[in-house]
Amino acid sequence: HTVHGFGFTPLQKAPLRIVFKTAERVMARCTDHFVTVSEADRRRGIEMGLFSPERATVIRAAIDL
């Protein structure tokens, strides 16, 4: 699974946010490894309990700025 940010934010209405968070948690159970595009996304996923540090790797965008 590649994480390019999360589909829920504190600004969303609570029912919608709960649906998105639940979907992420359900799918995380059947995911072998997570690839995040930033360290911030990796940390956020770990803090939310979606995955352990061992199950996530950061691979940044391959564009030389």
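I started at Glu 39, which counts as partly exposed at 28% relative accessibility (buried is under 20% relative accessible area, exposed over 50%, partly exposed in between, with a 1.4 Å probe and protein chains only). Before going on, I noted that this is a predicted model, where local features need pLDDT of at least 70, side-chain atom pairs count only at pLDDT 80 or more, and totals for chains, interfaces and linings use all residues. Residues are numbered from 1 along each chain as its sequence is written, and side-chain values use heavy atoms, leaving out hydrogens and water.

Next I looked for salt bridges (a side-chain nitrogen of Lys or Arg within 4 Å of a carboxyl oxygen of Asp or Glu). Searching the whole structure turned up one. Glu 39 pairs in a salt bridge with Arg 42, and their closest N and O atoms are 3.2 Å apart. Both residues sit in helix H2, three residues apart, or about one turn of the helix. Arg 42 is buried, at 19% relative accessible area.

**The sheet**

I then traced the strands (DSSP E runs of at least two residues; helices are H or I runs of at least four, and both are numbered from the N terminus). Three of them make an open, parallel sheet in the order S1-S2-S3. S1 (2-3) and S3 (56-58) are at the edges with a single partner strand each, so one side of each has no neighbour in the sheet. S2 and S3 pair in the parallel sense over three bridges (pairing takes at least two DSSP bridges between two strands).

Helix H2 (residues 39-47) packs on this sheet and touches S1, S2 and S3, with its direction at about 165 degrees to that of S3. For that angle, axes are lines fitted to C-alpha atoms, for helices over the stretch in contact, and angles run from 0 to 180 degrees between N-to-C directions.

**Thr 36**

Where does Thr 36 sit? I found Thr 36 in strand S2 (residues 34-36), and its bridge partner in S3 is Val 58. Thr 36 is buried, with 0% relative accessible area. I listed its contacts (heavy atoms within 4.5 Å), skipping residues up to four places away in sequence: Val 3, Asp 41, Arg 42, Phe 51, Thr 57, Val 58 and Ile 59.

**Leu 16**

Last, I checked Leu 16 in helix H1 (residues 14-28). Leu 16 is partly exposed, with a relative accessible area of 42%.
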